[in-house]
Amino acid sequence: MFVMELSYTAPIEAVDREMAAHVAWLDKQYAAGVFLASGRKVPRDGGVILAAGVSRAEIERLAAEDPFTVAGVCAYRITEFVATKTAPALESARETLPG
């Protein structure tokens, strides 16, 4: 599982200009079953996406394709973790520790 943390690197007006394309990109990843949750940080200086079911290389590729990244209005910090406990609704994303 991955926590994808976005930090805005441009004024909010530039971010807002790319928002429709970013939301369409999010919707595509939700439809593919990769994204589990997403939203703005408080205060609004970026966002967070929770993703699962793909490799780190795939997550990095997806982050590079985000219209926010392409437009140069955000930077990503990606943290991978093993989700050994989840809410019942996320049971399909639950993982076990190796060995």
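This is a predicted model: local features need pLDDT of at least 70, side-chain atom pairs count only at pLDDT 80 or more; totals for chains, interfaces and linings use all residues.
## Overall build

The protein holds four helices and four strands. Read from the N terminus, its elements follow the order β-α-α-β-β-α-α-β.

The chain has 99 residues, and a compact globule of that length would have a radius of gyration near 13 Å; the value for this protein is 14 Å, which agrees. Along the principal axes, the C-alpha trace spans about 45 × 25 × 25 Å. Contacts between residues at least 6 apart in sequence were also sorted by separation, and 64% of them join residues at least 24 apart.

Buried residues make up 31% of the 99 in the protein. The accessible surface amounts to about 5,900 Å², and carbon and sulfur atoms account for 57% of that area.

## Aromatic pairs

Across the whole structure, a search finds three aromatic pairs. One of them consists of tyrosine 8 and phenylalanine 68: the ring centres are 6.0 Å apart and the planes stand at 85 degrees, so this pair is edge-to-face, the class for angles over 60 degrees. The pair links distant parts of the chain, since tyrosine 8 belongs to strand β1 (residues 2-8) and phenylalanine 68 to helix α4 (residues 67-70), 60 residues apart. Both tyrosine 8 and phenylalanine 68 are buried.

Tyrosine 30 and phenylalanine 35 form another edge-to-face pair, with 6.0 Å from centre to centre and 90 degrees between the planes. Phenylalanine 35 has a relative accessibility of 3% and so counts as buried, which requires a value under 20%. Ring pairs also bring in a tryptophan, linking Trp25, Tyr30 and Phe35 into a cluster.

## Glutamine 29

Glutamine 29 sits in helix α2 (residues 19-31). Its relative accessible area is 7%, so glutamine 29 is buried. Apart from neighbours within four places in sequence, glutamine 29 is in contact with Val34, Phe35 and Leu62. Of these contacts, Phe35 is also a member of the ring cluster with Trp25 and Tyr30.

## Cysteine 74

Cysteine 74 is part of strand β4 (residues 74-80). With a relative accessible area of 8%, cysteine 74 is buried. When residues up to four places away in sequence are not counted, cysteine 74 touches Leu6, Ser7, Tyr8, Thr9, Phe68 and Thr69.

Cysteine 74 and aspartate 45 are 29 residues apart along the chain, and their C-alpha atoms are separated by 9.5 Å.

## A cis peptide bond

Valine 42 and proline 43 are joined by a cis peptide bond, with omega at about 5 degrees. Proline 43 is placed in the loop between strands β2 (35-40) and β3 (46-51).

Terms used:
Residues are numbered from 1 along each chain as its sequence is written. Side-chain values use heavy atoms; hydrogens and water are left out. Helices (H or I, at least four residues) and strands (E, at least two) are DSSP runs, numbered from the N terminus. The radius of gyration is taken over C-alpha atoms; the globule rule is 2.2 Å times the number of residues to the power 0.38. Buried means under 20% relative accessible area, exposed over 50%, partly exposed in between (1.4 Å probe, protein chains only). Contact means heavy atoms within 4.5 Å. Accessible areas come from the Shrake-Rupley method with a 1.4 Å probe; for residues, only the protein chains shown count as cover. Rings of Phe, Tyr and Trp (its six-membered ring) pair if their centres lie within 6.5 Å; planes under 30 degrees apart count as stacked, over 60 as edge-to-face and the rest as tilted.
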